[in-house]
Structure formats: C-alpha cells, structure tokens
Amino acid sequence: MPKRVGYLYERVISEENCIAAEKEMTRHKNKNRTAHRIREDPDRHGKLLSELLSSDRWEPTPYKEHKIYDGYRRKERTIKVPCLRDQAVHHAVMRVTVPYIERRNYFYNCGSIPGAGQTRAVKALRGWIGAKKPPKYAQQLDIRKFYDTCPHSAVMAALRRIFKDERFLAIHEKILASMSSDGVGLAIGYYPSQWYANLVLQQVDNGLKREFRSKIKFVRYMDNFGFVSNSKRTLHKARALTEKLLLRIGLSIKRDWQVIRISICGFKYLSYRFFHGYTILIKKLMYRMARKIKQAAHNLNAKTAAAVMSYNGILKYCNSYNFRKRYLYQIVSIKKCKEAISYENRIRRMSAAVQG
C-alpha cells in the first residue's frame, strides 16, 4: 500500500491558499454583489477565511435547492447551491486535495477532469473503432442513480487510503455531511462532488485495468462506462467484474446493458454513434440542434450565440459536413455569434467597472 500523505490541513488554512480559493470561487459570478465585493478585496476575505478554518469554527450552512431539466432528454436534476462562504471553503480544501486525485486518475476517465472532457473520450473511441483492425463488439454500462446513492462511507474510505491527516479528513466529513444528513448521496452543485465521484470510481477503473490489460479498451465519463473488444465473452466478464466492484462500494449498474456488434448498428455513446470508419450524431440531438439553430437565427443574443458555438464544437468531432452546411452555415453566421458573445462580455466588464 502506498505511503499516505499527512500535514495537509496547514496547507488548507494558509493565507495564500485561502486568498486563491476566494478568487477561484468568485470567478464568473458577475451578477452576484457579494462575489463582487469579495473580488474587490480578496486578500482581506482570504485572511478571514484562513482565521475561520484555523480556529475550527467553520460550520456548513443549509444549501438552496432548485430543479433543472438537463440536456436533450430533459432529465430532471436537483441542484443544491451552498452559500459563498461554504463555496470558498470547498475551493480551499479541494485546491489541496485535487492534485492527489488527479495523479491517480485513469487516463480515459474523462468526466469533470481539466483538459479531458468529452473530447478525449470521443477521440479515443474514434481512434479505437476506426483503426485498421477495429474491435467487433462494444458495451455501455451506466451506474444506477450514482449521485443519489453514493455512500459517504465509500468516499471517506477512498480518502483515507490517500490521506492520514485527521483534521484534513474531518473537514471532508463536514462537507459530505452538509450534502445529506443520512450518509448517502453526493450533491449536484457542490464543487467537491465531481472529485469525490471520480475518487470513488478509481478503484473500479484500476480493477478493470489489472484484470484485462489489453483485452478490452474502455473509457469512463463520470458514471458511464464504454467498453470495446473483439470478444463477447470478455465484455461479459468485464460487466461482471464491474458489478462486483461496484457492489463493494454499495452501487449497482442499470439493467439496460447490451453487447452490440459495431458494424451493424454502431456504438451509441456520449451523444454520438460510432461505426468503423465514421461517426455520426444521434438523431435526438441532431433534431434539437437544428431547432435551436433556427431559433438563434431569429433572435441572436449572447445566450443563443453561445449555444450555436457549443453545437459547432460538438459537430467537429463527427462526420457532419452536410448537416453543418445545410442547417448551420446557411442559417446563422459563426462570425456574428462570436461578435454577440464578445459584445456581451464587454458590456459585463464595463458594468462591473462602474459598480466598482
């Protein structure tokens, strides 16, 4: 077992770390007056945060809650928003924690990892499935209600495998307790949640790598696994091992998994469908894009322009020349979208300067 790390709480409560945490926390919060006041004098607020944590007087406050409907599937999600003081504490703690999680990360774990994201996962699958000797079969596994059912005990066990500083671990326990009172569930909207999720699932990634090595290739995007292999039997073994490893944590996979032949119906993963030699968008997202692009053409503002630019980025990673030519470039100008976003950002900077 690797040597555990100690003496980290001193780094968390240092003034330099707390000042940097205040700056990180207020980034992109242009409409929040409290965030603007903190941004005006981060040194003073950082020192106050350092004193608060040094004296062990910090106690989490109740979060605010609202619902959103996410993505083209309009999936309902409950967002929990902590107060700014708690957010600053989260950033101060995670600034010290994250480097130790990142260095243990599986390269093709792409969700909520700086510099990775959906792009790395899509490039990997396109490279594997489009190779000269491509895999024949693929399988997707999704964890059942991962954020709602992830046990806090699993997170703390994973943290204790890396860290031994009891004060440092105690503040992580406080953060987890503030997410839910029953010891189960990670709060969507809390900055540490994404890192706790990746930390807990690292043992699943490592178990799969040790067992199968080069027999399968897989990517993970948060709680969604994508496997490719030349053997159906190997994919079934990978699913069984994944179930076994998740069961130890207290999690389970959805029962809608299936092993598919890539050459017949393609491998559907992360809004794309991968075939040997080409990649296309799934239909639902394609229809949504076409509809939103037409709406943006009639009412072009910073929000709709940002959506168009996002869609343009998604389309670049699949075979979408005809779609872009017919439904994007002929309807709305990419140049005008960039100008609309630039103008909005300029207005925000000017208004922030006037308020200051």
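Let's start with Tyr108, which is partly exposed, with a relative accessible area of 24%. Its partner in an aromatic pair is Tyr106, and Tyr106 counts as buried at 10% relative accessibility. Keep in mind that this is a predicted model.

**Aromatic rings**

- A pair of aromatic rings is described by the distance of the centres and the angle of the planes.
- The count here comes to 14 aromatic pairs.
- Take Tyr63 and Tyr190: their ring centres are 6.4 Å apart and their planes stand at 85 degrees, so this pair is edge-to-face.
- Tyr63 sits in the loop between H4 and E1, while Tyr190 sits in the loop between helix H9 (166-179) and H10, so the pair ties together parts that are 127 residues apart in sequence.
- Tyr63 is partly exposed at 28% relative accessible area, whereas Tyr190 is buried at 4%.
- Tyr106 and Tyr108 are edge-to-face too, with 6.0 Å from centre to centre and 70 degrees between the planes.
- Those two tyrosines belong to a cluster linked by ring pairs, along with Phe107, Trp128, Phe218, Phe225 and Phe227.

**Charges over rings**

- Arg120 lies over the face of Phe107, 4.0 Å from the ring centre.
- Arg239 does the like with Trp257, at 3.9 Å from the ring centre.

**The open sheet**

- Four strands line up in the order E4-E5-E3-E6, with antiparallel pairing.
- At the edges are E4 and strand E6 (259-261), each of which pairs on one side only.
- From one strand to the next, the twist averages 20 degrees.
- E4 and strand E5 (residues 224-229) are joined by five bridges, and Lys217 stands opposite Val228 in E5.
- Helix H10 packs on this sheet and touches E4 and E5; its direction makes about 175 degrees with that of E4.

**The nonpolar core**

- In soluble globular proteins, nonpolar side chains tend to be buried together.
- The largest nonpolar core here has 106 residues, and those touching the most other members include Phe163 and Phe227.
- Helix H5 (residues 84-102) gives this core its largest share, 10 residues.
- Leaving aside neighbours within four places in sequence, the contacts of Phe163 include Arg4, Leu8, Tyr100 and Phe168.

**Two loop residues with positive phi**

- Asp56 is not a glycine, yet its phi is positive, at about 60 degrees. Its loop runs between helix H4 (42-54) and strand E1 (64-70), and Asp56 is partly exposed at 44%.
- Arg213 is not a glycine either, and its phi is about 50 degrees. Arg213 lies in the loop between helix H10 (191-212) and strand E4 (217-221), and is exposed at 67%.

Notes. Residues are numbered from 1 along each chain as its sequence is written. This is a predicted model: local features need pLDDT of at least 70, side-chain atom pairs count only at pLDDT 80 or more; totals for chains, interfaces and linings use all residues. Side-chain values use heavy atoms; hydrogens and water are left out. A nonpolar core is a set of buried Ala, Val, Leu, Ile, Met, Phe, Trp, Tyr and Cys residues joined through side-chain atoms within 4.5 Å. Buried means under 20% relative accessible area, exposed over 50%, partly exposed in between (1.4 Å probe, protein chains only). Contact means heavy atoms within 4.5 Å. Two strands pair if DSSP finds at least two bridges between them. Axes are lines fitted to C-alpha atoms, for helices over the stretch in contact, and angles run from 0 to 180 degrees between N-to-C directions. Rings of Phe, Tyr and Trp (its six-membered ring) pair if their centres lie within 6.5 Å; planes under 30 degrees apart count as stacked, over 60 as edge-to-face and the rest as tilted. A charge sits over a ring if NZ of Lys or CZ of Arg is within 6 Å of the ring centre and within 35 degrees of the ring normal.
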